[in-house]
Amino acid sequence: SLDSLGVRDFFRARACREGFPKHAGRIFEMLAVERMMHVTSKRESWTARESFPRSCDFSFAEVYKALECFARERRALDACTHRNWKRIGSDADTSRIFLVCGSYAFPIDGGQERASIAVALDDDHMPLGYHDMRGRLDAITFRKAVDALKKRLGAHRAVAIADLASTGDGFAFYQRDFRQVPELAAWADDERDYEPLGGGVYMKCRESDRVLPDGSNLPVKEVVLRGGGYATSYNHAMLVSSELDMDGNEIMQLYRELWRQAEP
């Protein structure tokens with residue numbers, strides 16, 4: 001729960017400080033729970049506040065005033081919840097972390113502002129931390145995010161789940177143009193070795209080598225999905241990962257985390 005992660009104590013300890021609205025902690029609880037359960041807007045969350053198990057005696061104007069407080073204290077709150085997550089018994093191995101990465105556009109003053117975020121997950125897909133960035137997710141900005149999260153979490157290796165082919169660590173990406181490579185298209189069209197996953201979806205995978213621009217070979221695992229909601233207009237979708245120790249199902253589940261991040 002949020003209480004176990006120290007959220008309630010975090011806001012109580014700061015309740016008398018300048019810039020901390022009276023109901024900041026309760027507002028954060030309400031918005032966080034609603035976002036996790038229903039992915040609603042802030043106004044919709046406030047409108048439905050009577051369904052929250054704790055008293056929410058605050059106005060919508062107070063909700064927006066509290067957002068400035070959350071933005072200012074986000075790093076401290078993130079560090080607090082991470083400390084408590086470790087204290088209450090998390091035995092997750094953080095030597096390798098998975099980074100879900102994406103860029104999003106937000107309407108501001110009649111225009112748009114882009115922001116990017118990298119969320120670190122453990123092997124069980126539990127969030128460990130995040131790093132947010134202004135603007136588009138270019139290679140330099142993303143490298144800084146990777147380094148910051150690895151240092152903060154004590155990780156030795158990071159695996160990016162994105163359309164970025166390489167980060168200097170590891171990767172899992174969706175190959176949009178595989179039909180332009182005859183050998184990949186032929187392998188995807190070959191009916192042999194597909195295994196049913198249910199819901200009309202079939203999958204097969206293999207280990208292969210990709211030739212890098214410098215002429216060296218990079219061992220990868222290729223996963224192709226056929227049918228169901230994963231398929232494209234070509235009836236196939238292909239994922240490629242540097243993580244040879246993971247099976248096709250694990251790679252597919254990791255890539256689904258992009259959708260989980262994008263929805264809210």
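**Surface, cores and a helix**

Mentor: The accessible surface of the protein chain (Shrake-Rupley method, 1.4 Å probe) comes to about 15000 Å², and 52% of that belongs to carbon and sulfur atoms. This is a predicted model, in which local features need pLDDT of at least 70 and side-chain atom pairs count only at pLDDT 80 or more, while totals for chains, interfaces and linings use all residues. Residues are numbered from 1 along each chain as its sequence is written, and side-chain values use heavy atoms, without hydrogens and water.

Trainee: How many residues are in the largest nonpolar core, and which of them touch the most other members?

Mentor: The largest nonpolar core has 21 residues, of which Phe11, Ile27, Phe58, Val63 and Phe70 touch the most other members. A nonpolar core is a set of buried Ala, Val, Leu, Ile, Met, Phe, Trp, Tyr and Cys residues joined through side-chain atoms within 4.5 Å. Helix α4 (60-87) gives the most to this core, seven residues.

Trainee: Which residues of helix α6 are called buried?

Mentor: In α6 (residues 182-189), Leu184, Ala185, Trp187 and Ala188 are buried, so each has under 20% relative accessible area (1.4 Å probe, protein chains only).

Trainee: What puts these residues on the same side of α6?

Mentor: They lie on the same side of α6 because they cover an arc of only 160° around the axis, taken from the directions from the helix axis to the C-beta atoms. The buried residues of α6 pack against β7 (201-211), β8 (217-226) and β9 (236-241).

Technical notes
Buried < 20%, exposed > 50% of the residue type's maximum accessible area, 1.4 Å probe, protein only. Helix = DSSP H or I, 4+ residues; strand = E, 2+ residues; numbered from the N terminus. Contact = heavy atoms within 4.5 Å.
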